[in-house]
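Here are my notes on the fold, as promised. Have the model open while you read, and go through the points in order.

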Amino acid sequence: MPEKKRQEKESTSPFKGNLVGISLVAVALFAIYQYFYPSSFASQPETPAPVFDLSSELEALCPVYPAVRSSDFEKDRPILERILNDPSFRVASAQKLSKAVQIDTQVFDEQLDVAQDPEVWTKFVKFHEYLEATFPTVYSHLKVDKINTYGLVFTWEGSDPSLKPLMFLAHQDVVPVQKDTLQDWSYPPFEGRIADDRVWGRGSADCKSLLIALLETVELLVDEGYSPKRGVILAFGFDEEASGTYGAHNISKFLLEKYGPDSIALILDEGEAVSYVDKKQTTLVAKIATQEKGYLDLEVALTTVGGHSSVPPKHTAIGLISKLVTHIEDYPLDPEISTRNPLVQFSNCLGAAGALRDDFKTALVAYSKDPSNNIVKQGVIKGISKIAFFFGSLITTTQATDLIFGGEKINALPESARVVINHRVDVERDSAQIIDRLIHFHVVPIAKEHGFKVTYSDYGSDKVETVYEPEGVASLGEFHVSPFSRVWEPAPESPSGDNVWSIISGTTRTIFEEFVDPSAKLIASPYMMPGNTDTRHYWPLTKNIYRYVPGIVDIYKAKIHSVDESTEVDAHLQVIAFYHEFIKVASEWEL
């Protein structure tokens, strides 16, 4: 069949004209001033009455793409209904996930590579045996490559080799269960209990649900006799929770050697999900993460002379490191945004759905017209920070003191102490800025005050640079700053206005508006991924990387990485339905 052309966005044209723009900025300034200084307007209503139809204005800033369907859609409608609503399919699918959860695939931070410590990784043998026994059609019809022993790459060749293949990711490993929390679990973490329409246990949400859903989708399609025009690759790492160094990193090298750079049409991985934005549940938003924050661990190691505790200096090594930690925590980085930040567009979409206060909507509209106005920008920053408790952390570089060491024995002054600070770098900054700030704003002033030298070295480098040295006096010791692990810059921004975006958002609309909740409208919005995923290893393969789980997920109930982790069976089935349709849609579109 002929390739489908890109469909136009469904949108409302924004108001145009200088008078409207000036009026909006004036209204925004008034609203934001009241936002920051509410006591100045004690006799006024809580928010000013909007001068314009703010939701309509924001609709223009939140384009809604049409629902899309494959040419097989009507034929497949009964199949999609069965996936989502058939009781026997529901039970069987939940049991597949449950049995996957029952296999312990915990991975720890300090594990060596497979060749160096093969025994610690053998737990994945049982998991592989389970997958092959549960999805025999996948194993018999797709090419299976094992990378670094336990990385899995399934290749479903397309009938048209000129088309770039699709790539779907998940990971086999799970975060460890803390032993002192075992009594707090409602059900044992590796029992895979099915109860209250949920599958419970470690990895049920992150991310064995996605992995099993992908395999189940392909198994269904092969059994139905479907053959894709565009190839499909499933890539499952085995140490994502420990940065993917042994799994995804090696899988990426394998795929780059096989296909070359920019050879994949799109990548979909774990990430954000679908949720209602209003209490009446009339609007759903699909949070499709187009960016991911950077990752930077910085270690500050202090060395100085020791001695007997009966004659201590004013500050021991531990005391100075503690002083540094206090300074770091007392001076967090300011939040920062620009119009390219996906949370600005996400806020526009919430405003278009009527889910925000009018003063915040006024600020968003004004910011779209004059992003250089700092007062307006501060209003948008404050509004984003109030969407939910964690949103403030998405628009700044966070800094968390996670590790601290010092001292060997009571009665002996510590000769060294060190601290490791984890940073999640926001998309408006880079790692060099954060390193520079830590050194010159935090470390050097303390070193100057107490007569210490400051040095720096890059991760894995033996070259040491002297940053500061006391003048005219001998140094009492040294602060050494260096990255504690590999540095990751914020992820490149993925497009949110092309054919790839059209089919991701359009297929989501089809599944959710046709089947899941026909009474609701769905909006797809770019979003920010707060954590890091295996996608960071695959940047050379495509610019189209999205972190998105197409199911309705309540993150508070899912309790990812925590006690009582679970996933709702409905959400698991929604993911299967989405991929069943999406693989077909993507074969018919020009990407």
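How many bridges join strand 4 to strand 5 (residues 198-200), and do these strands run parallel or antiparallel? Keep that one in mind for point 2; bear in mind too that we are looking at a predicted model.

1. Overall picture. I'd start with the whole chain, which has 17 helices and 19 strands. Its C-alpha trace spans about 85 × 70 × 50 Å along the principal axes.

2. The three-stranded sheet. Back to the opening question: two bridges join strand 4 to strand 5, and the two strands run antiparallel. To find the spot, look for alanine 195, which stands opposite arginine 198 in strand 5. These strands belong to an open sheet of three, in the order 4-5-19, with antiparallel pairing. Strand 4 (194-195) and strand 19 (566-568) are the edge strands, and each of them pairs on one side only. Helix 17 packs on this sheet, where it touches strand 5 and strand 19, and its direction makes about 65 degrees with that of strand 19.

3. Helix 17 and its helical neighbour. Helix 17 (residues 569-588) also packs with helix 15 (residues 499-516), at an angle of about 130 degrees and with the axes 10 Å apart. That angle makes helix 15 oblique to helix 17. The crossing is right-handed. On the helix 15 side the contact includes Ile503, Ile504, Ile511 and Phe512, and on the helix 17 side it includes Phe578, Phe582 and Val585. Sorted by type, the contact residues of this pair come out as 10 nonpolar, three polar and one charged.

4. Strand 9 (residues 294-304) and strand 13 (residues 416-425) run antiparallel and are joined by 10 bridges. A handy landmark is leucine 302, whose bridge partner in strand 13 is alanine 417.

5. Which way does helix 4 run relative to helix 5? The axes of helix 4 (residues 87-101) and helix 5 (residues 123-134) come within 10 Å and cross at roughly 165 degrees. That makes helix 4 roughly antiparallel to helix 5. This crossing is right-handed. Gln95, Lys96, Lys99 and Ala100 of helix 4 make the contact with Phe127, Tyr130 and Thr134 of helix 5. By type, the residues in this contact are three nonpolar, two polar and two charged.

Note on methods:
Residues numbered from 1 in each chain as written. Predicted model: local features only at pLDDT ≥ 70, side-chain atom pairs only at ≥ 80, totals over all residues. Heavy atoms only, no water. Axes fitted to C-alpha atoms, helices over the stretch in contact; angles between N-to-C directions. Helix = DSSP H or I, 4+ residues; strand = E, 2+ residues; numbered from the N terminus. Parallel < 35°, antiparallel > 145°, perpendicular 65-115°, else oblique. Left-handed = near helix turned anticlockwise from the far one by under 90°. Contact = heavy atoms within 4.5 Å. Nonpolar A, V, L, I, M, F, W, Y, C, P; charged D, E, K, R; others polar. Pairing = 2+ DSSP bridges.
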